[in-house]
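Me: I have a model open and want to go through its packing with you. Can you take my questions as they come?

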Amino acid sequence: MPTVKIMDLTSAEVGEIELADVVFGVALNEPLIHEAVRNFLANRRAGTSATKTRGDVSGSGRKLWKQKGTGRARVGSIRSSIWRKGGTVHGPVPRSYGYRLPRKMVLGALRSALSAKLADEKLTVVDAWQLESHKTKPFREALGRLDGVTKTMLLVEIAANRNLELASRNLEGVKLVAPHALQPYEILRHDRLFLSKDAAVRLGETLGLGPRTVVPAADVVTIEAAKPVETPKAAKSAAKGKKAPAKKAVAKKPPAKGKSKGKK
């Protein structure tokens, strides 16, 4: 497992941490990272470009001249696409450019990007982002002590830290994200990656999980419902309550037509 030093905000070493080898020690997969970045940018694309067709542009709908007899080409509307300021044919319409990338590919690209940052020695593990205030100036000085060369930095923190959020959002090139919102594009876009100790452990646990194992269910045992025990009093009352079966009523035949009861 790769071992990384843990630094505090004064740039002093306070310990070491072993990172998960399956997350921070994998080989670089450039095609996979390229596909993940392409998917991220496509999903973020607005897709609002549009043009006006002949039904959207302004102009009269009357026929400019009669169909025959003028010697000119026939024309039906001034909004035709062959006219100046006419409508556009087969122009762009609002659409979505996003598409779904398999989850295994996204996680694989994330592991590859994290491993590349560690291999390039551009990954720093911070003990904790304990800031006394939300002011930007002391936080900028703390980042300068950790690494005062790079301009773009990506901070990863697992817990809600209001002072860190307020102090970092006003710095150009500095972005704060949570581990579950980390993207390969953001890792590659920023030159330096700062992980808190808890965030590094969380990424090693979530991204280092293997295939899910299915636990077989135990044998299902059917239990028959117990019959209620009848007391002597309940048996006697049930016997008294029984009635003899009713006789079926015999349907009477209707009298024949044309014959009345009085006539013989």
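Me: Start with phenylalanine 24. What does it touch, leaving out residues up to four places away in sequence?

Reply: Phenylalanine 24 touches Pro2, Leu19, Leu114, Ser115, Leu118, Leu123, Leu195, Ala200 and Leu203. Contact means heavy atoms within 4.5 Å.

Me: What should I know about the source and numbering?

Reply: This is a predicted model, where local features need pLDDT of at least 70 and side-chain atom pairs count only at pLDDT 80 or more, while totals for chains, interfaces and linings use all residues. Residues are numbered from 1 along each chain as its sequence is written, and side-chain values use heavy atoms, with hydrogens and water left out.

Me: Which residues touch the most other members of the largest nonpolar core?

Reply: Phe24, Leu114, Leu182 and Leu195 do, in a core of 25 residues. Such a core is a set of buried Ala, Val, Leu, Ile, Met, Phe, Trp, Tyr and Cys residues joined through side-chain atoms within 4.5 Å. Buried means under 20% relative accessible area, exposed over 50%, and partly exposed in between, with a 1.4 Å probe and protein chains only.

Me: Which elements each supply at least two residues of this core?

Reply: E1, helix H1 (21-24), helix H3 (103-119), E3, E4, E6 and H7. The largest share, 5 residues, comes from H3. Helices (H or I, at least four residues) and strands (E, at least two) are DSSP runs numbered from the N terminus. Another core of 16 residues lies apart from this one, with Met7, Phe139, Leu143 and Leu155 among its members.

Me: Now the sheet. What is the strand order?

Reply: E2-E1-E3-E6-E4-E5, an open sheet of 6 strands with mixed pairing. Two strands pair if DSSP finds at least two bridges between them. Strand E2 (13-18) and strand E5 (174-177) are at the edges with a single partner strand each, so one side of each has no neighbour in the sheet. The twist averages 30 degrees from one strand to the next; angles run from 0 to 180 degrees between N-to-C directions, and axes are lines fitted to C-alpha atoms, for helices over the stretch in contact.

Me: Which helices go with it?

Reply: Helix H4 (residues 136-146) packs on the sheet, touching strand E1 (3-7), strand E3 (123-126), E4, E5 and E6. Its direction makes about 105 degrees with that of E4. Helix H7 (residues 197-207) lies across E1, E2, E3, E4 and E6, at about 90 degrees to E6.

Me: In which sense do E1 and E2 pair?

Reply: Antiparallel, over 5 bridges. They form a hairpin with 5 residues between them.

Me: Is serine 11 buried, partly exposed or exposed?

Reply: Serine 11 counts as partly exposed, at 31% relative accessibility.

Me: And lysine 85, where is it found?

Reply: In the loop between H2 and H3. Lysine 85 also has a positive phi, near 65 degrees, and is exposed with a relative accessible area of 65%.

Me: How do H2 and H3 themselves meet?

Reply: The axes of helix H2 (residues 30-44) and H3 come within 9 Å and cross at roughly 115 degrees. Leu32, Ile33, Glu35 and Ala36 in H2 meet Met105, Gly108, Ala109, Ser112 and Ala113 in H3.
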